[in-house]
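Open the model in your viewer and keep the sequence panel beside it. The stops below say what to select next and what is there.

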Amino acid sequence: MKKVKADFSNRAIVSLLMLSLLVTVIGTVVTVSQLSEPNSFGISGAATTGTGSTSITIQAQAGIVMNDANATFGTGYVNPGNTTATIYTHGGHNFQNNTNITGAWTNVANLGSDPNMTIENTGNVDINLTAAANHFDAEEFFCGSELGCTSTATARLSISAGTAEAGSCDTGILLNFRDLLNQTNTSSPTAPHNLTGVLLCGDFDYGNSGDLLSVSYRASVPFDAAIGGHSTIITFTAESIGQQD
Ligand SMILES: [Ca+2]
Ligand SMILES: [Ca+2]
Ligand SMILES: [Ca+2]
């Protein structure tokens with residue numbers, strides 16, 4: 001009897017151990033099975049869109065190029081008996097304000113052969129374009145020194161502008177000649193006669209189909225101008241007014 005009890009006890013222990021082992025195995029299998037299940041971590045609910053940005057800053061570039069940097073009056077002289085001859089780089093030396101002054105100038109060569117300079121706005125903004133000459137006054141230009149034309153006070157160098165492509169200048173085109181260099185004013189000889197900042201165009205466009213200006217010159221040549229060649233450097237200054245129409 002005692003032995004039966006003991007056997008039962010032993011069997012019960014074995015059964016309990018077996019059960020315990022079985023539970024352990026099943027538990028392990030279930031655990032592995034769950035880990036192997038696809039999408040078992042609920043990835044399908046995560047966000048799938050996002051935003052970002054890229055940037056660039058365009059800098060204003062006020063730029064001009066002299067497509068044609070020269071203009072010439074050619075060669076000639078003021079005829080005897082005349083104080084001054086008014087001539088133009090494009091020719092027409094017989095006229096001053098549409099009045100015939102035939103006889104004041106004898107042309108020898110090249111008048112009208114190179115009438116204009118051309119200036120292109122190569123930047124990305126509209127500009128205000130001005131010009132200045134690098135002489136003190138027109139007497140220095142024609143007679144070699146400041147106040148240098150001792151017999152006259154009529155020397156001048158003047159400038160005008162036009163559009164070489166239609167629509168190149170929206171406001172302030174200098175169609176009528178304006179002095180770059182004046183004659184000396186003998187009552188105020190130290191006053192500046194180099195007229196800096198002569199406005200050629202107040203709104204010079206940058207668009208490729210309309211961004212070209214032409215510039216021409218008028219000279220009042222005194223009869224006492226020095227023999228020989230005379231030239232002055234014209235400085236054009238471009239100032240951005242931003243991107244306009
Ligand atoms: Ca030219
Ligand atoms: Ca404009
Ligand atoms: Ca152009």
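Where in the protein chain is confidence lowest, and where is it highest? This is a predicted model, and its mean confidence is lowest in helix H1 (residues 2-36), at 42, and highest in strand E7, at 96. Colour the protein chain by pLDDT: the mean is 78, and 71% of the residues reach 70 or more. Then select residues 12-44, where pLDDT stays under 50. For that stretch the model has two contacts beyond four places in sequence.

**The whole chain**

Show the cartoon. The protein chain has two helices and 13 strands. Of its 245 residues, 28% are buried. Take the contacts between residues at least 6 apart in sequence: 77% of them join residues at least 24 apart.

**The open sheet**

Select strands E11, E8 and E13. These three strands form an open sheet in the order E11-E8-E13, with antiparallel pairing. Strand E11 (198-204) and strand E13 (234-242) are at the edges and have a single partner strand each, so one side of each lacks a neighbour in the sheet. On average, neighbouring strands here are turned by 15° against each other, direction ignored.

Now keep E8 (residues 126-133) and E11 on screen. Four bridges join this antiparallel pair. One place to look is Ile-127, whose bridge partner in E11 is Phe-204.

**Strand E3**

Move to strand E3 (residues 84-88). Are its residues mostly covered or uncovered? Five of the five residues of E3 are buried. In a regular strand, side chains alternate between the two faces of the sheet. In E3, Thr-84, Thr-86 and Tyr-88 lie on one side, Ala-85 and Ile-87 on the other, and all are buried, which leaves both faces covered.

E12 pairs with E3 in the antiparallel sense over five bridges. Within this pair, Tyr-88 stands opposite Arg-218 of E12.

In soluble globular proteins, nonpolar side chains tend to be buried together. The largest nonpolar core here has 41 residues; select Ile-87, Phe-142, Leu-157, Leu-200, Cys-201 and Leu-213, which touch the most other members. At least two core residues come from each of E3, strand E7 (117-121), E8, H2, E9, strand E10 (178-181), E11 and E12. E12 gives the most, with five residues.

Centre the view on Leu-157. Which residues is Leu-157 in contact with, leaving aside its neighbours within four places in sequence? The contacts of Leu-157 are Ala-133, Ala-138, Phe-141, Leu-180, Leu-181, Tyr-217, Ala-219 and Thr-232.

**Two loop residues**

Select His-90, in the loop between E3 and strand E4 (95-96). With 19 other C-beta atoms within 10 Å, His-90 is partly exposed, because a residue counts as buried at 20 or more. Not counting residues up to four places away in sequence, His-90 touches Gly-112, Pro-115 and Ser-216. Leu-111 is 21 residues from His-90 along the chain, and their C-alpha atoms are separated by 7.0 Å.

Finish at Ser-145, in the loop between helix H2 (138-143) and strand E9 (156-163). Is Ser-145 buried or exposed? Ser-145 has 11 other C-beta atoms within 10 Å and is exposed, because 12 or fewer puts a residue in that class. Last, draw a distance from Ser-145 to His-135: the two are 10 residues apart in sequence and 9.3 Å apart in space, C-alpha to C-alpha.

Definitions and conventions. Residues numbered from 1 in each chain as written. Chains lettered and ligands numbered in written order. Predicted model: local features only at pLDDT ≥ 70, side-chain atom pairs only at ≥ 80, totals over all residues. Pairing = 2+ DSSP bridges. Axes fitted to C-alpha atoms, helices over the stretch in contact; angles between N-to-C directions. Contact = placed C-beta atoms within 7 Å. Core = buried A, V, L, I, M, F, W, Y, C linked by C-beta atoms within 7 Å. pLDDT = per-residue confidence, 0-100.
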